[in-house]
Amino acid sequence: MINLGIIGCGSVMQGPYMELVNKLIFKNIINLKSISDKNIKLERILKKKFKFQFFYNDYKKILNDKQIDVVLILTSMKEHATIAKKALLNNKHVLVEKPMSTNMEDLKKLFSLAKKSKKLFVAAPFVILSPTFQAIHQEINKKTIGKISLARARYGWSGPNWGEWYYKTGGGPLFDLGVYNITTLTGLLGPVKNIIAKSSISKPFREINGKKIKVLTDDNFQILLEFKNKCIAVVTTGFTMQQYSSPAVELYGSDGTIQMLGDDWEPKGYEVWNNKRSSWELFKTPYANWPWASGFTHLIDCIINKKKPMICLDHAYHVNEIMIKIYESSKKNKSISIDSSFKPLKFIKKIKIKKSHLDHDRNHDDI
Ligand SMILES: NC(=O)c1ccc[n+]([C@@H]2O[C@H](COP(=O)([O-])OP(=O)(O)OC[C@H]3O[C@@H](n4cnc5c(N)ncnc54)[C@H](O)[C@@H]3O)[C@@H](O)[C@H]2O)c1
């Protein structure tokens, strides 16, 4: 039995993560020993919803407990790096929500600790685990659309009405949402060479939990990424996007186009245009309910079966460096080079998504 501790018991803990944790508790794989939140009022609420042994106001009590094997860090973003470093130093397997860090100094320290640790470390987001991502990755490797020169990705919404921290320094839509697009694009196209970005505060005041607050971090981004393979991509992200009906990601190659349908954290499949065929082929995913928090079940699987996680630390570091430098680029109004790199991602298992027969029917609402 694996003893689990969870730090940060807000929206994602109570929703997507506990759904997966409960499944593994039911299978007698996990024991949820302790949870921690700095909001002590949560103890009473969570006791009614979930089964756990201890609630701590101070997360260090979880890290000091030698019986705890795995720690999930699901706090607001600014706290991630400090808690993750301490968790590794206390010999825990770690899952940390995105981003690993909101500044380069902590990012480097955490990366170096995670590299040296004998324990497993996985950093969100986990988009590369989705079968749709892996199927598109295979198409690219098969050169279905030839050499990719341009790409675009987008993810945004009107923004959370909870968690004031989302609108303070170390919060914002880039670390929260753009991170998915940058992980997807780099996962598919490889490392980025340099970036240039524009960002702004579009909505200076917000109402959070019924209280009017001043927005202190940018909520609106356009980002240009130049990849080492010379492809150029644009990422649009913000708490300033009310709706869209476009694909999450589009890749433009010398022989065709691939588009990922839905959002990259919840993909609905993909479509391929090939010049020779001269039509679109639709691949609706049978895995539409793939859970975006599945980095957790993957981590537990890796611990039990002594496997190396597919979530690559070098890739996560690269994405995090890009995001930190996007702020720098926007502030300094100039292009910034990216120092880190990572090896191309490899997937052992072949993913087969069947072609839909209704490939003439391209109404995205049907998917
Ligand atoms: N909400 C989403 O849709 C979503 C989706 C994917 C990932 N995430 C990520 O999950 C994380 C949490 O997001 P959320 O929406 O659940 O936020 P939230 O504000 O609802 O919850 C965060 C919780 O962390 C607690 N906390 C902060 N510092 C702490 C500390 N030092 N010790 C113990 N508890 C502490 C807060 O009191 C709060 O209850 C973020 O990194 C976010 O980027 C959120």
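## Around the ligand

How many residues surround the ligand, and which are the closest? The shell counts 21 residues, and the closest are Gly8, Gly10, Ser11, Glu97 and Gly163. Keep in mind as you look around that this is a predicted model.

As for where the ligand sits, it lies between domain 1 (2–123) and domain 2 (141–285 + 317–366), because both of them give residues to the shell.

The domain assignment of the protein chain gives two pieces to look for: domain 1 (2–123), and domain 2, made of 141–285 + 317–366. Their C-alpha centres are 27 Å apart.

The two domains do touch each other: 14 residues of domain 1 are in contact with 12 residues of domain 2. On the domain 1 side, helix H5 (residues 104–116) gives the largest share, with three residues. By class, that side of domain 1 has six nonpolar, six polar and two charged residues.

## The nine-stranded sheet

Next, the sheet. It's an open one of nine strands with mixed pairing, and the order reads E16-E15-E14-E13-E7-E12-E11-E8-E17. At the edges you'll find E16 and strand E17 (336–337), each pairing on one side only.

Take a look at the end with E16. There, E15 and E16 pair in the antiparallel sense over six bridges. To spot this pair, find Val272, which stands opposite Glu281 in E16.

## Helices on the sheet

Helix H6 packs on the sheet, where it touches strand E7 (148–156), E14, E15 and E16. The direction of H6 makes about 20 degrees with that of E15.

Which residues of helix H6 (residues 131–141) are buried? They are Thr132, Phe133, Gln134, Ala135, Ile136 and Glu139. These buried residues pack against strand E14 (256–263), strand E15 (266–274) and strand E16 (279–284), and also against helix H7 (173–189). Just after H6 comes a detail in the backbone: Lys143 takes a positive phi of about 65 degrees.

H7 is the other helix to follow here. It lies across strand E8 (192–200), strand E11 (220–227), strand E12 (232–238) and strand E13 (249–253), as well as E7. Relative to E7, H7 runs at about 155 degrees.

Methods: Residues are numbered from 1 along each chain as its sequence is written. This is a predicted model: local features need pLDDT of at least 70, side-chain atom pairs count only at pLDDT 80 or more; totals for chains, interfaces and linings use all residues. A residue is near a molecule or strand if its C-beta atom, placed from the backbone, lies within 6 Å of it. Domain bounds come from an automatic or database domain assignment. Two residues are in contact if their C-beta atoms, placed from the backbone, lie within 7 Å. Helices (H or I, at least four residues) and strands (E, at least two) are DSSP runs, numbered from the N terminus. Ala, Val, Leu, Ile, Met, Phe, Trp, Tyr, Cys and Pro count as nonpolar, Asp, Glu, Lys and Arg as charged, and the others, Gly among them, as polar. A residue is buried if 20 or more other C-beta atoms lie within 10 Å of its own, exposed if 12 or fewer, and partly exposed in between; C-beta atoms are placed from the backbone. Two strands pair if DSSP finds at least two bridges between them. Axes are lines fitted to C-alpha atoms, for helices over the stretch in contact, and angles run from 0 to 180 degrees between N-to-C directions.
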